[in-house]
Amino acid sequence: MKWIACELHSHTFHSDGRQTLHELAAGAKALGFDCIALTDHNTMTGLMDKETVQDETGITIISGMEWTTFYGHMATIGVKEFVDWRPVGPGDIHAGLKRVHASGGIAGMAHPFRMGSPICTGCFWEFKIEDWNDLDYIEVWSGTFPSIKSDNARAFQLWTDKLNEGYRIAATSGRDWHVQSTTDEPVSVTYLSLEEGDAQATEKAVRAVAAGRASVTIGPLLTMDIVCGGSAYGIGSIISREALEFGCSVNLFADFSVRQGLWELTDQTYSLRVVGNTGIIHECSITRENSYCQFEMNGIEAIWARAELWGIVRGVHVLIAFTNAVYFD
Amino acid sequence: MRRILLETQGEVSPVCSKSHITYKFHISEPGGKLCIHFAYGPKNLEDRELSKTLVYESIEKYIEPSRRELVQAKWESYLPLKNLITVSVDDPDSHRGAGHRHDPEQLLHLSMKDASPGLISGPIHSGMWEVTLSLHAVVTDQCKFSLNIWQEEE
């Protein structure tokens, strides 16, 4: 498995962005990203030069579109062609999701708790969801320095609530990047773990989001691997109760070497936690120099668990990174 | 030569928010360039009291109770409230893109050779075409718009 750094929410001048695809991709490259999803509002024409821009910049570009509807913004990625958002009313999102999936794509709520109409039209998610299994992911972190924003805290809590209810749903970040302007705020990255094989990188990236093989951060890449009876399980995996009976070793690692020089955290002792629906399962302290943590897990009541890295950023105690969940069945 | 296909004006009000208006028109001679001029106004809601009422309604609807007072204190940061109407195009067979942007006046075109950003270049077929106005938000008491569509040689 290989981890790649992705920006999953971006725009060009083909909708209301103020950048070309080339400027966007070059900007992403400069920030240490390997991959972007272009999610222009209600159009896919910005992808016209995709192959050329990929060749010129080395950035993998995922086809996407942000359904910019009256009742919510829904990021769709991996779609092969335009899927019409206009027929969808507040009670019809499942029909829309079905069409997105039929087009080979996946869909996630974008910034679901951002202030809605008329301040930001359709930005607050108001679609009625009958079955959360139909939704592939939630963009729980939106914008720069996302972990201090109250809208994101609500989205993160929504994700946690759904995990607690037993749904297996992924979580991502997205800058909602409209223009190449410098920011001194921390930029979030969604790292995706790509499977081996001959499929295209874009296809692998979309499958990684769908499977929850994702780790989100404003600094180090946080990983969690669980070994039970000789079998290894990564983020997004489902571990059976039978496998858990062997006793499991949980390996946590914060990789501070990623995107070297492109983010900054003061030297400190961080809190690395594994949490689940039953609360904190394990907690350890790490530093930049000693960023491994391992513990034995024998028997577990939780139905899911994720890793969280907490520390001080700009004087505030915040969530710095989190993994997607591992599930226990 | 310019062949006029549709010329219309209209007026919408806040109750029209979150609705679409679709114009269907016929192209009898294929080819050339299809041009669309769309404009609407006013763009901004200038009525300060009404703006405050609308912002407070949004705060009530979208912000959790514990933070409402905090957000109310900076209600002016959300001004000016704006009308937003976007344009999308469908030819007789397929979707031909959208111009989702905030400009209140847009001159768009599409032809075999090229198209405005957001729209899809390709053949200008004969048959029934559609231009849809998506009314994301109408905040002013009235919002007037004009839509002119014509075909010309490329």
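In this predicted model, 19 residues of domain 1 of chain A are in contact with 17 residues of domain 2 of chain A. The domain assignment places domain 1 of chain A at residues 2-214 and domain 2 of chain A at residues 221-328. Between the C-alpha centres of these two domains the separation is 24 Å. Chain A also touches chain B, in a contact that takes 23 residues from chain A and 28 residues from chain B.

**The contact between the domains of chain A**

- On the side of domain 1 of chain A that touches domain 2 of chain A, the elements that give two or more residues are strand 1 (2-7), helix 4 (150-164), strand 7 (170-174) and strand 8 (189-194) of chain A.
- The residues on this side of domain 1 of chain A comprise 11 nonpolar, 6 polar and 2 charged residues.

- Strand 3 of chain A (residues 60-68) pairs with strand 4 of chain A in the antiparallel sense, over 5 bridges. Within this pairing, Gly64(A) has Ile77(A) in strand 4 of chain A as its bridge partner.
- Strands 3 and 4 of chain A form a hairpin with 4 residues between the strands, and in this hairpin Gly72(A) takes a positive phi near 160°.
- Strand 5 of chain A (residues 106-109) also pairs with strand 4 of chain A, in the antiparallel sense and over 4 bridges. Here the bridge partner of Ala75(A) is Gly108(A) in strand 5 of chain A.

**An open sheet in chain A**

- Strands of a sheet pair through backbone hydrogen bonds, either parallel or antiparallel.
- In chain A, 4 strands form an open sheet in the order 11-10-13-16, and the pairing is antiparallel.
- Strand 11 (231-233) and strand 16 (292-297) of chain A stand at the edges of this sheet; each has a single partner strand, so one side of each is left without a neighbour in the sheet.
- From one strand to the next, the twist of this sheet averages 20°.
- Strand 10 of chain A (residues 221-228) pairs with strand 11 of chain A in the antiparallel sense over 3 bridges. In this pair, Cys228(A) stands opposite Ser231(A) in strand 11 of chain A.

**Chain B as a whole**

- Chain B contains 2 helices and 8 strands, and from the N terminus on its elements run β-β-β-α-α-β-β-β-β-β.
- The radius of gyration of chain B is 19 Å, well over the 15 Å that the globule rule gives for 154 residues, so chain B is more spread out than a compact globule.
- The C-alpha trace of chain B spans about 60 × 25 × 20 Å along its principal axes.
- Of the 154 residues in chain B, 32% are buried.
- Among the contacts in chain B with a separation of 6 or more, 71% are between residues 24 or more positions apart.

**An open sheet in chain B**

- An open sheet in chain B is formed by 4 strands in the order 2-7-4-5, with antiparallel pairing.
- Strand 2 (19-27) and strand 5 of chain B stand at the edges with a single partner strand each, so one side of each is left without a neighbour in the sheet.
- The twist in this sheet averages 20° from one strand to the next.
- Strand 4 and strand 7 of chain B run antiparallel and are joined by 7 bridges. Val89(B) stands opposite Val131(B) in strand 7 of chain B.

**Where chain B touches chain A**

- The contact between the chains takes 28 residues from chain B. On this side of chain B, the elements that give two or more residues are helix 1 (48-62), strand 4 (84-90), strand 5 (95-99) and strand 7 (127-137) of chain B.
- By class, this side of chain B has 12 nonpolar, 12 polar and 4 charged residues.
- His136(B) lies in strand 7 of chain B and counts as buried because it has 22 C-beta neighbours inside 10 Å, where 20 or more are required.
- Leaving aside neighbours within four places in sequence, His136(B) is in contact with Phe70(A), Thr121(A) and Gly122(A) of chain A, and with Leu84(B), Ile85(B) and Thr86(B) of chain B.
- The C-alpha atoms of His136(B) and Tyr62(B) are separated by 17 Å, and the two residues are 74 residues apart along the chain.

Technical notes. Residues numbered from 1 in each chain as written. Chains lettered and ligands numbered in written order. Predicted model: local features only at pLDDT ≥ 70, side-chain atom pairs only at ≥ 80, totals over all residues. Contact = placed C-beta atoms within 7 Å. Nonpolar A, V, L, I, M, F, W, Y, C, P; charged D, E, K, R; others polar. Pairing = 2+ DSSP bridges. Axes fitted to C-alpha atoms, helices over the stretch in contact; angles between N-to-C directions. Domains from an automatic or database assignment. Rg over C-alpha atoms; globule rule 2.2 N^0.38 Å. Buried ≥ 20, exposed ≤ 12 C-beta atoms within 10 Å, placed from the backbone.
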